[in-house]
Amino acid sequence: MKPAKLTCAVALAWTLAACASFAASPRTDEPIQPIQAPKGLNAAKVELGEMLYFDPRLSASGIISCNTCHNLAMGGTDNLQTSIGHKWTAGPINAPTVLNSSFALAQFWDGRAADLKAQAAGPIQAGPEMSMPHDLAVDVINSIPGYAPKFKAAFGTEKADIDKITEAIAEFEKTLVTPNSRFDKWLQGDDKALSADELAGWKLFKDSGCVACHNGPAAGGTSFQKMGVVAEYKAALPAEGRAAVTGKDADRFNFKVPTLRNVELTYPYFHDGAARTLDQAVDIMGRLQLGREFSAAERGQIVAFLKTLTGDQPKITLPTLPPSSDKTPAPNPFRE
Ligand code: HEC
Ligand code: HEC
């Protein structure tokens, strides 16, 4: 605070404008940085990807789309402890948000998909999710005449295949970022963007060590970390985390650090969805990751800070999907 005022006084002698711009200078050395809008995306792929993201015909039942479990009207999640997929099957784990997932070092809680394109191939086929063999998904999309010009515009060919389908969905997902949160405004130099309590919460978050793991533009997604560093976490689900990918015992119970962007919207929390409130999640994080017991007042301040990470939600115009044709394979909601 003091050096800023000092320089302002000096700047006053120089020009008032310079002083104003100094006061609003961005805080570039913080461990969390503002969300930037994506650049260089292919508009035709984005448009096609958005259609596919909302198209339930990519599922065996004909009623489950990506948006069923990653509802863009609700923070890109389903707000369930674990997702429900084909034939009302309980999923094995909590659905993370798709918002800002392009910032993560890998996809899924255990990071088994390298990127969004590789990720998108999973749920279409997965039994407890959309349960749709890739061949059949491709046949369905190719049987819908209205998709042909969209694939032509995006890929130069009218014919869909699973590679193009997942690439288009991934391109759309890259648009799902949430800039302009109040915390970002503060980072960009707007001192009034945070209340005293929120600022105190940020200080607690930073000084007590949460930023060792929750850092980068997404306030997470930059590393895999053990759940239960100081004390053991008793999970409600059998998931083993990163060890399932690497086969290494040392990776047991290591999970991708989730983004805290929009965390106000993405309840319930943790890979097992066991924490229903942010207050609970902060309490558990303090005790298990840092060996620190926060008072109710401190938790309140941290939660107040976390809620400042809610950014502008993507403005989605529900796409009008082209109708099926006489050749389109019929949906099979009860297929085993
Ligand atoms: C039945 C519910 C369901 C459907 C349908 C579904 N997902 Fe998911 N999604 C999940 C769950 C559960 C996970 C976490 C799985 C894991 O980590 O093992 C997940 C993980 C993800 C992730 C990784 C996010 C992260 O932070 O690691 C992305 C991205 C994603 N899904 C996108 C999609 C797309 C694209 C589709 C459509 C093709 C889709 N999902 C369909 C439930 C669903
Ligand atoms: C050692 C690394 C580490 C530290 C330190 C840490 N976290 Fe976490 N955090 C994680 C991991 C890993 C998860 C996911 C755990 C899981 O789902 O089993 C997580 C999950 C969360 C979640 C739930 C997010 C969601 O969408 O499910 C919140 C909220 C959270 N952390 C807040 C905090 C706060 C507040 C602090 C400081 C008091 C903190 N974390 C410190 C690694 C860490």
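This is a predicted model: local features need pLDDT of at least 70, side-chain atom pairs count only at pLDDT 80 or more; totals for chains, interfaces and linings use all residues.
Q: Which helix gives the most to the shell around ligand 1?
A: Let's start with the surroundings: 25 residues surround ligand 1, and the closest are Cys-66, Cys-69, Gly-85, Phe-108 and Pro-123. Two elements, helix H4 (66-69) and helix H5 (116-125), each give two or more residues to this shell. The one that gives the most, with five residues, is H5.

Q: How many charged residues are in the shell around ligand 1?
A: Sorting the shell around ligand 1 by class gives 16 nonpolar residues and eight polar ones. The number of charged residues there is one.

Q: Which helix gives the most to the shell around ligand 2?
A: Ligand 2 has 27 residues around it, and Cys-210, Cys-213, Phe-270, His-271 and Met-285 come nearest. By class, the shell has 19 nonpolar, eight polar and no charged residues. With seven residues, the helix that gives the most, spanning residues 278-290, is H12.

Q: How far apart are the centres of domain 1 and domain 2?
A: The protein chain is divided into domain 1 (43-173) and domain 2 (182-307). Where they touch, 21 residues of domain 1 are in contact with 26 residues of domain 2. The side of domain 1 that touches domain 2 has ten nonpolar, nine polar and two charged residues. Taken over C-alpha atoms, the centres are separated by 27 Å.

Q: At roughly what angle do the axes of helix H3 and helix H7 cross?
A: In H3 (residues 43-54), Ala-44, Lys-45, Glu-47, Leu-48 and Met-51 meet Lys-150, Phe-151, Ala-153 and Ala-154 in H7. This contact has six nonpolar, no polar and three charged residues. H3 passes H7 in a left-handed crossing. The axes come within 8 Å, and the crossing angle is roughly 145 degrees.

Q: Is Phe-305 buried or exposed?
A: Phe-305 lies in helix H13 (residues 296-307). Leaving aside its neighbours within four places in sequence, Phe-305 is in contact with Glu-198, Gly-201, Trp-202 and Phe-205. A residue needs 20 or more other C-beta atoms within 10 Å to be called buried. Phe-305 has 26 C-beta neighbours inside 10 Å, so Phe-305 counts as buried.

Notes
Residues are numbered from 1 along each chain as its sequence is written. Chains are lettered from A and ligands numbered from 1 in the order in which they are written. A residue is near a molecule or strand if its C-beta atom, placed from the backbone, lies within 6 Å of it. Helices (H or I, at least four residues) and strands (E, at least two) are DSSP runs, numbered from the N terminus. Ala, Val, Leu, Ile, Met, Phe, Trp, Tyr, Cys and Pro count as nonpolar, Asp, Glu, Lys and Arg as charged, and the others, Gly among them, as polar. Domain bounds come from an automatic or database domain assignment. Two residues are in contact if their C-beta atoms, placed from the backbone, lie within 7 Å. Axes are lines fitted to C-alpha atoms, for helices over the stretch in contact, and angles run from 0 to 180 degrees between N-to-C directions. A crossing is left-handed if the near helix is turned anticlockwise from the far one by less than a right angle, and right-handed if clockwise. A residue is buried if 20 or more other C-beta atoms lie within 10 Å of its own, exposed if 12 or fewer, and partly exposed in between; C-beta atoms are placed from the backbone.
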